[in-house]
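Biologist: I have a chain to look at with you. Please show me the sequence and the structure, then take my questions.

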Amino acid sequence: MKILIKISIIILTLVSCGKETEEKTQLVESNFKLKQDFTDFKRKMTKLDTIKVWFNHSVCTYQAYEQLEITKNSNLIRIKSEFMESTFNDNPKWKVIYNREIPITDTIWKFEKFVDQNKQWQNYDINSNGTLYVVNKKDTIRYSVSGLVDLNKFISEYHTVMRKLYPENRENVYGINEPKKIK
């Protein structure tokens, strides 16, 4: 009889713990809204959020694309960049260019400021080709730049912002590095 009572207590304890864990799991959710919170994404996103960025580096006959995946873990923002250059390649493939971690308090990489300063290029037509897409779940912010002068300026500004995150700029993903001057 004593064994039966002990087994009953153990079963009740396990069932109670299981319900508590299930309730806690259900309580964790993200309130991050891309269109409202993007200019403060480093602080407002949670570990449940993933921001995907797609950038078209193509100009004239040059064809190249970049994908960023931005996630958060505690006090760090993780950025993974994949790049595909297809101009002279019959079988282009995505390759990882870098993985970076920056603190949420970072003030060097100002990607959100770049996006905010280029609101004039925001495009709400889901059928148009864009230069920049920022996606989180079902929210998407699209940017389409028209005209060669404006496109080159937009790409140049993007490269400047991204070099802050990836100063090595291997393979000249963010434009050609200027040669060092000899003194």
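**Core, sheet and helix**

Biologist: Is L132 buried or exposed?
Modeller: This is a predicted model: local features need pLDDT of at least 70, side-chain atom pairs count only at pLDDT 80 or more, and totals for chains, interfaces and linings use all residues. Residues are numbered from 1 along each chain as its sequence is written, and side-chain values use heavy atoms, without hydrogens and water. Buried means under 20% relative accessible area, exposed over 50%, and partly exposed in between (1.4 Å probe, protein chains only). L132 has a relative accessible area of 0%, so L132 is buried.

Biologist: Which strand holds L132, and which residues does L132 touch?
Modeller: Strands are DSSP runs of E, at least two residues, and helices are runs of H or I, at least four, numbered from the N terminus. L132 is found in β6. Contact means heavy atoms within 4.5 Å. Not counting residues up to four places away in sequence, L132 touches V53, W54, F55, F111, F114, V115, I141, R142, Y143 and F154.

Biologist: Which residues have the most contacts inside the largest nonpolar core?
Modeller: A nonpolar core is a set of buried Ala, Val, Leu, Ile, Met, Phe, Trp, Tyr and Cys residues joined through side-chain atoms within 4.5 Å. The largest one has 38 residues. Those with the most contacts inside this core are W109, F111, L132 and M162.

Biologist: Which element supplies the largest share of this core?
Modeller: The largest nonpolar core has 38 residues. Several elements each supply at least two residues, including β1 (50–56), β6 (132–136) and α5 (148–165). The largest share, seven residues, comes from α5.

Biologist: Which residues of α5 are buried?
Modeller: α5 has 18 residues and reaches 26 Å from its first C-alpha to its last. Its buried residues are L151, F154, I155, Y158, H159, V161, M162 and L165.

Biologist: What is the strand order of the open sheet?
Modeller: Two strands pair if DSSP finds at least two bridges between them. The sheet has seven strands, with antiparallel pairing. The order is β4-β3-β2-β1-β6-β7-β5.

Biologist: Which are the edge strands?
Modeller: In the sheet, the order is β4-β3-β2-β1-β6-β7-β5. An edge strand pairs on one side only, and those are β4 and β5 (122–123).

Biologist: Which residue in β4 is the bridge partner of I79?
Modeller: β3 and β4 pair in the antiparallel sense over eight bridges. I79 is also touched by W109. In β4, the bridge partner of I79 is R100.

Terms used
The expected span of a helix is 1.5 Å times one less than its number of residues.
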